[in-house]
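Subject: Structure handover

Hello,

Here is the structure for you to take over. My notes on it follow below.

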Amino acid sequence: MEDEKLVRSQSLSQDEVIFEQWKQLLVTESSDSEHEKDKAIALQEQLDKQKALAKAINQIRRELDLESIFGTTTKEICDLLEADRVAVYRFTPNWFGEFVAEFVTPGWVKLVVPESKKVWEDTYLQETQGGRYRNNETFTVDDIYKAHHRPCHIELLEQFEARAYVIVPILIGDQLWGLLAAYQNSRPRHWQPAEVNFLVQIGEQFGVAVQQVEILTAMQEEITERQRAETALRQTEQKYRSIFENAVEGIFQTTSDGHYLNANPALAKSFGYASPEELIEKLTDIERQLYVDPNRRTEFVRLMQKDKLVSEFESQVYRQDGRVIWISENAGAVYSTNETLLYYEGFVEDITERKQAEEDIRSALEKEKELNELKSHFVTMTSHEFRTPLATILSSADILQKYSHKLRDEQKLTHLQQIQTTVKHMTQLLNDLLLVGKAAAGKVQFEPTPLDLISLCQALVKELELINNTHAIAFVNKGDCTTACMDAKLLRHILGNLLSNAIKYSASGSIVHFELTCQQREVIFHIQDKGIGIPALDQAQMFEPFHRASNVGTISGTGLGLAIVKTSVDLHGGTIIVASEAGVGTTFRVTIPLDNRIGIND
Amino acid sequence: MTKILVIEDEQLLRTNTIQVLEFEDFHAIGAENGLVGVRLAQEQIPDLILCDVMMPQLDGYGVLVALRQNPATAKIPFIFTTAKASKADLHQGIELGADDFLTKPFTSDQLLAAIATHLKK
């Protein structure tokens with residue numbers, strides 16, 4: 001017996017053990033008295049109930065599954081009370097209700113049917129929003145036919161097959177959640193206060209259980225919600241971080257005292273730092289370190305204060321390596337809820353290329369304008385140069401026509417000759433112009449051939465002396481000139497123009513000196529006159545088309561001679577130097593490479 | 001006899017113009033540049049002046065300004081002859097006080113008509 005007891009003790013919970021021992025104690029200590037025996041039985045029953053209650057409490061503490069708590073406990077109660085049904089009834093929001101759990105002995109109708117959720121419409125309970133149970137009262141009916149129930153109430157109870165019942169409230173705090181009911185269906189029953197009390201205590205525990213479950217559910221929902229929000233946040237954060245990290249434009253956050261809170265890789269790259277971290281660490285004084293003009297930062301802050309934003313703010317800034325770039329900033333100011341400035345944030349675009357392009361365009365336009373002005377000037381000058389000889393021709397022809405009767409024969413002849421001379425002059429002008437134009441367009445043919453320089457020069461001298469029988473040209477040559485290779489046509493332009501000028505601009509009878517010196521790699525032409533000279537001021541412009549010195553007086557000329565000389569010299573890859581003094585004379589010195597065959601002079 | 005001063009640096013043109021004027025019974029005086037022209041105008045006080053615009057050293061505008069400043073020569077009718085005929089040049093001449101313009105090349109008829117118009121005044 002003792003061993004049996006011991007084994008049984010070990011298999012029960014601690015509470016149960018105490019109760020068992022106490023029970024055993026009472027049983028062994030009971031006397032033979034009937035009264036005592038009754039008392040013992042009552043006590044035992046009391047203990048059993050306490051045990052059941054304790055077990056229910058334990059289960060509630062351990063588990064959070066309402067279904068199993070209700071299920072187990074309703075069975076225990078039903079057994080203990082020897083009732084036919086113990087059920088848990090939950091109110092719906094509109095104070096109808098449904099049975100959510102029950103233990104019913106066999107043979108009785110089931111009120112809890114899993115497939116169909118029957119909602120009971122108890123109008124009394126609905127009208128009173130739970131009736132007496134709201135006030136934590138119980139209701140005991142020993143016999144439904146003797147309880148003065150309304151007929152509709154009895155009808156309802158008959159559906160439950162109930163004959164006697166006890167109902168206790170299940171409260172969560174002050175709120176009525178549902179009811180715990182014990183039914184005797186087979187016969188009426190007088191419910192003992194202890195039994196009712198017991199049910200009340202279970203009802204209270206059920207309230208605790210339901211509350212626990214509700215709290216737990218709420219907590220779980222909150223956790224799920226929070227997890228969902230965290231995931232959403234993380235996804236959003238990833239999305240924006242990706243934009244931030246991969247943006248082509250620089251993105252920044254800076255404080256009002258001039259350091260960086262945040263910078264993206266593009267910004268670090270623009271400013272020449274290895275990483276955003278390096279930028280934040282090293283660039284701590286934006287006013288002094290970043291902007292070339294420190295006033296830019298002041299201006300930036302001023303605009304922020306005025307408009308709370310800055311748009312297309314262009315400035316020159318220093319990269320880490322000291323190089324200067326142009327940037328354009330678009331940014332705004334971010335404030336806290338109490339209106340204090342938190343930081344500036346925005347975008348930075350490197351516009352150095354654009355600025356450079358703008359500068360290039362501006363400069364090109366400038367050049368274009370200059371060129372157009374030059375062209376315009378050239379056209380004006382040219383038209384002027386033609387109008388004058390045309391005026392001469394017209395006036396001579398006019399006179400011949402209108403006043404021929406008043407003219408002597410020789411006068412008529414003179415006019416005719418004038419016309420012819422002027423035509424020749426215009427033709428020469430035209431040719432010179434075409435040459436100058438061709439040279440400007442880079443279209444003059446350069447055709448070097450081996451020549452006999454000395455013969456060429458001698459022939460030229462003779463020709464000029466013949467035309468202008470006013471001057472003598474003293475020609476001297478030195479060195480070996482047999483291997484010369486040059487463009488004959490262009491050479492005639494050079495020498496012809498220079499010699500003609502020497503004759504034209506010096507007094508009749510004076511001598512022009514022409515010296516040819518052939519050296520190993522180059523040839524030097526020296527042409528000297530004792531003429532009117534070229535004033536210093538004119539020397540700077542003398543190679544420009546149409547330019548005529550201020551001291552030419554009435555000596556005619558196209559103003560194109562020297563321009564043609566210069567072009568011809570340039571095409572040979574040579575040089576031309578002048579030494580001249582107004583009123584004294586002029587010396588030109590032209591140096592040309594000896595051998596101009598293509599490839600030799602590279 | 002009406003005296004006309006011809007200021008023109010192109011020799012052939014100047015002599016032709018003088019010949020035409022002489023044939024038309026004007027007394028024509030020639031000046032080969034602006035400076036000579038101003039001097040002769042002040043000395044001779046002609047009845048009309050023909051003056052080329054494009055001349056070295058002192059151009060036609062300079063001559064006009066110089067003569068207009070001298071009360072003796074300020075009222076003499078002044079006709080520009082010029083190969084430059086842009087609107088800007090015309091305006092400049094009129095602004096300075098010239099009476100008329102002749103664009104080269106011009107016929108002797110055109111020349112005589114202009115002279116006749118401005119001598120009448």
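The torsion about the S-S bond of A:C481 and A:C518 is about 105 degrees, so this disulfide is right-handed. A disulfide here is a pair of cysteine sulfur atoms within 2.5 Å, and in this pair the S to S distance is 1.8 Å. A:C481 sits in the loop between β12 (472-478) and β13 (485-486) of chain A, while A:C518 belongs to strand β14 (residues 511-518) of chain A, so the bond ties together parts that are 37 residues apart in sequence. Searching the whole structure gives one disulfide over all chains. Both A:C481 and A:C518 are buried; buried means under 20% relative accessible area, exposed over 50%, and partly exposed in between, with a 1.4 Å probe and protein chains only.

Before the rest, some conventions. This is a predicted model, in which local features need pLDDT of at least 70 and side-chain atom pairs count only at pLDDT 80 or more, whereas totals for chains, interfaces and linings use all residues. Residues are numbered from 1 along each chain as its sequence is written, chains are lettered from A and ligands numbered from 1 in the order in which they are written, and side-chain values use heavy atoms, with hydrogens and water left out. Helices (H or I, at least four residues) and strands (E, at least two) are DSSP runs numbered from the N terminus.

Chain A as a whole: it has 17 helices and 17 strands. Of its 602 residues, 39% are buried. Among contacts in chain A with a separation of 6 or more, 58% are between residues 24 or more positions apart; contact means heavy atoms within 4.5 Å.

A:L453 is in helix α14 (residues 453-467) of chain A and is buried, at 0% relative accessibility. Not counting residues up to four places away in sequence, A:L453 touches both A:C481 and A:C518, as well as A:A484, A:M486, A:L491, A:L516, A:V523 and A:F525. The C-alpha atoms of A:L453 and A:C518 are 9.4 Å apart, although the two are 65 residues apart in sequence.

Which residues have the most contacts inside the largest nonpolar core? They are A:L453, A:L491, A:L495, A:F514, A:L516 and A:F525, in a core of 36 residues. A nonpolar core is a set of buried Ala, Val, Leu, Ile, Met, Phe, Trp, Tyr and Cys residues joined through side-chain atoms within 4.5 Å. The elements of chain A that give this core two or more residues are α14, β12, α15 (488-504), β14, β15 (522-529), α17 (561-571) and β17 (585-593). The most comes from α15(A), with seven residues. A second, separate core has 34 residues, including A:M381, A:L429, B:I18 and B:F26.

On α17(A), the buried residues are A:G561, A:L562, A:A563, A:I564, A:V565, A:S568 and A:V569. Their cover includes α13 (409-440), α15, β16 (575-581) and β17 of chain A. Just after α17(A), A:G573 has a positive phi of about 75 degrees.

Between the chains, A:T388 of helix α12 (residues 352-402) of chain A is in contact with B:E10 and B:A83, leaving aside its neighbours within four places in sequence. A:T388 is buried, at 7% relative accessibility.

Next, a helix pair. The axes of α4 (residues 66-81) and α7 (residues 193-246) of chain A come within 11 Å and cross at roughly 175 degrees; axes are lines fitted to C-alpha atoms, for helices over the stretch in contact, with angles from 0 to 180 degrees between N-to-C directions. That makes the two helices roughly antiparallel (angles under 35 degrees count as roughly parallel, over 145 as roughly antiparallel, 65 to 115 as roughly perpendicular and the rest as oblique).

Last, some backbone details. A cis peptide bond, with omega about -5 degrees, joins B:K104 and B:P105. B:P105 is in the loop between β5 (100-103) and α5 (108-120) of chain B. A:W95 is not a glycine but has a positive phi, near 65 degrees, and is buried at 17% relative accessibility. A:Q129, also not a glycine, has a positive phi of about 55 degrees and is partly exposed, at 38%.

Regards
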